[in-house]
Amino acid sequence: MKNIVTKNALLAVAYIAVVATITFYGPKIAGGPSEDSILAPIAMISLLTLSVAVMGYLFFWTPLELYLSGDKSGAVKTLLHTIGTFAIITIILLTFLILI
């Protein structure tokens, strides 16, 4: 169980890193749409929707499976461990960014 918790938390961090990298470097490489284009808001809302779906899957799928199989305490424990692991990774990354 601990492996899935760590894997999901690390995948969440990796997904955020990929999205942030593309968001930061994408316009510099490809050139962004003009400021009066409707494409930017459409892209941002689409990215938000995709991000909610990916994070929902990473954080809630395993606990939902456990809950539906009858292991309610295991579901809560897995969800809280995943969120806690993600929080620890986030705190480490933010501390690293502050120190450099």
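In this predicted model, the largest nonpolar core is a set of six residues: Ala 12, Tyr 15, Val 19, Met 55, Leu 58 and Phe 59. Two elements, α1 and α2, each give two or more residues to this core. Take Ala 12 as a way in: leaving aside residues up to four places away in sequence, Ala 12 touches Met 55, Leu 58, Phe 59 and also Phe 86.

So how do the helices themselves sit? Helix α1 covers residues 2-30, and its axis comes within 9 Å of the axis of α2, with a crossing angle of roughly 170 degrees. Angles over 145 degrees count as roughly antiparallel, so α1 is roughly antiparallel to α2. On the α1 side, the pairing uses Ile 4, Asn 8, Leu 11, Ala 12, Tyr 15, Ile 16, Val 19 and Thr 23, and these meet Leu 47, Leu 50, Ser 51, Val 54, Met 55, Leu 58, Phe 59 and Thr 62 of α2. Sorted by type, the residues of this contact come out as 12 nonpolar, four polar and no charged.

Next comes the pairing of α2 (residues 39-68) with α3 (residues 72-99), whose axes come within 7 Å and cross at roughly 165 degrees. That angle makes α2 roughly antiparallel to α3, and the crossing is right-handed. From α2, the contact draws on Leu 58, Phe 59, Phe 60, Thr 62, Pro 63, Leu 66 and Tyr 67, while α3 brings Lys 72, Gly 74, Ala 75, Thr 78, Leu 79, Thr 82, Ile 83 and Phe 86. Here the tally is 10 nonpolar, four polar and one charged.

Technical notes: Residues numbered from 1 in each chain as written. Predicted model: local features only at pLDDT ≥ 70, side-chain atom pairs only at ≥ 80, totals over all residues. Heavy atoms only, no water. Axes fitted to C-alpha atoms, helices over the stretch in contact; angles between N-to-C directions. Helix = DSSP H or I, 4+ residues; strand = E, 2+ residues; numbered from the N terminus. Parallel < 35°, antiparallel > 145°, perpendicular 65-115°, else oblique. Left-handed = near helix turned anticlockwise from the far one by under 90°. Contact = heavy atoms within 4.5 Å. Nonpolar A, V, L, I, M, F, W, Y, C, P; charged D, E, K, R; others polar. Core = buried A, V, L, I, M, F, W, Y, C linked by side-chain atoms within 4.5 Å. Buried < 20%, exposed > 50% of the residue type's maximum accessible area, 1.4 Å probe, protein only.
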